[in-house]
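Please read it alongside the sequence and coordinates shown here.

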Amino acid sequence: RPSPARAAYPESSFTSPYNISNSAAPQYENSQHPRLVWRRDNYLHAAWMEGSGAPYRYGTAYTRGQGTLWPLWEWTGRHDNPAYANPGVAVDSLGNVHVAWTSNPEPPYDIYYAVRTGSVWSSPANLSEALGPTRRSSFYPAIAVDGANRVWVAWQTGISDTDSDLYARSRPAGGDWELPAKISSSAAQDLNVELAAGVNNTIHAVWRNNSFAAKECLKFLKS
């Protein structure tokens, strides 16, 4: 049996922290839920929930950088959401940046997606409204890109006050979004989904499930 891994001492393993979210106007002062990916262009791509005002209104901020060289962050779309944006970020093999987040000025909150090609963001697309006009709010999107540059987005949608199901949509490179597919449904909550791309253009999902009495477990699914 292999020996357990030993945690490295932070002071010997990491550089001093660098603030990448204070580069815009001072009224934006509530940065939360960061996500980070690295691509072979040696850039780090960061997205997070950014807010301002009282009460706070949130949106998704994005920037990319290296070391302490980070340009001004930018909005990926509207930023008038009173609920948490909780973004996900992924980058394809061509360097296009894909972001999914929660938005809407009032319930039901929906999952939005935009892609940054070059320096231009596409108009945000609402992915969860296809669930119908009686849908409840959707939250906590996860996003990944497979080896064929197909974009995958998964999220949780409320079914009742105590239950939520998981849905996923995908879009081939240069194509249109497929209809939402339910990837998990149980007698209790399925939530906090995460995605990862695997070999042979597979997508893997893991999530939290509350169906076993008062206990919680993690479940796994492969496309």
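Strands β10 and β11 are paired in the antiparallel sense over six bridges, where two strands pair if DSSP finds at least two bridges between them. Helices (H or I, at least four residues) and strands (E, at least two) are DSSP runs, numbered from the N terminus. Within this pairing, valine 145 has valine 151 of β11 as its bridge partner. The two strands belong to an open sheet of four strands, ordered β10-β11-β12-β13, in which the pairing is antiparallel. Because β10 and β13 (181–184) stand at the edges with a single partner strand each, one side of each is left without a neighbour in the sheet. On average, neighbouring strands of this sheet are turned by 30° against each other, direction ignored; such axes are lines fitted to C-alpha atoms, for helices over the stretch in contact, and angles run from 0 to 180 degrees between N-to-C directions.

## Model and confidence

This is a predicted model, in which local features need pLDDT of at least 70 and side-chain atom pairs count only at pLDDT 80 or more, whereas totals for chains, interfaces and linings use all residues. Residues are numbered from 1 along each chain as its sequence is written, and side-chain values use heavy atoms, with hydrogens and water left out. The mean pLDDT (the predictor's confidence in each residue, from 0 to 100) is 85 for the protein, and 85% of its residues reach 70 or more. Over residues 1–5 pLDDT stays under 50, and the model has zero contacts beyond four places in sequence for them, a contact meaning heavy atoms within 4.5 Å. Where pLDDT is low, the predicted coordinates should not be read in detail.

## Overall composition

The protein has one helix and 16 strands. Of its 223 residues, 42% count as buried, which is to say under 20% relative accessible area, with exposed over 50% and partly exposed in between (1.4 Å probe, protein chains only). Among contacts in the protein with a separation of 6 or more, 40% come from residues 24 or more positions apart.

## The β1–β4 sheet

Another open sheet of four strands has the order β1-β2-β3-β4, again with antiparallel pairing, and its edge strands are β1 and β4 (74–75), each of which pairs on one side only. Strand β1 (residues 30–38) is joined to strand β2 (residues 44–52) by seven bridges, with arginine 35 standing opposite alanine 47 of β2. These two strands form a hairpin with five residues between them, and in the turn asparagine 42 has a positive phi of about 70°. On to the next pairing: β2 and strand β3 (residues 57–65) run antiparallel over nine bridges, and alanine 46 faces threonine 63 in β3.

## Nonpolar cores

In soluble globular proteins, nonpolar side chains tend to be buried together. A nonpolar core is here a set of buried Ala, Val, Leu, Ile, Met, Phe, Trp, Tyr and Cys residues joined through side-chain atoms within 4.5 Å. The largest has 13 residues, of which Tyr113, Leu127, Ile143, Val151, Val153, Trp155 and Trp177 touch the most other members; β7, β10 (138–145) and β11 (151–160) are the elements that give two or more residues to this core. A second, separate core of 11 residues includes Ala154, Leu166, Leu195 and Ala205.

Beyond its neighbours within four places in sequence, tyrosine 113 has contacts that include Trp101, Leu127, Ile143, Val151, Arg171 and Trp177.

## Asparagine 104 and other local features

Asparagine 104 is placed in the loop between β6 (97–103) and β7 (110–117), and counts as buried because its relative accessibility is 11%. A polar atom of its side chain lies 2.8 Å from the backbone oxygen of proline 108, and a polar contact of 3.1 Å joins the side chains of asparagine 104 and aspartate 110. A polar contact is a pair of N or O atoms within 3.5 Å; within protein, one must be able to donate a hydrogen and the other to accept it, and residues adjacent in sequence count only if both atoms are side-chain atoms.

Asparagine 192, in strand β14 (residues 190–197), has a positive phi of about 55° although it is not a glycine. Asparagine 201, in the loop between β14 and β15 (203–212), has a positive phi near 60°. Asparagine 192 is partly exposed, with a relative accessible area of 31%, and asparagine 201 is partly exposed at 38%.
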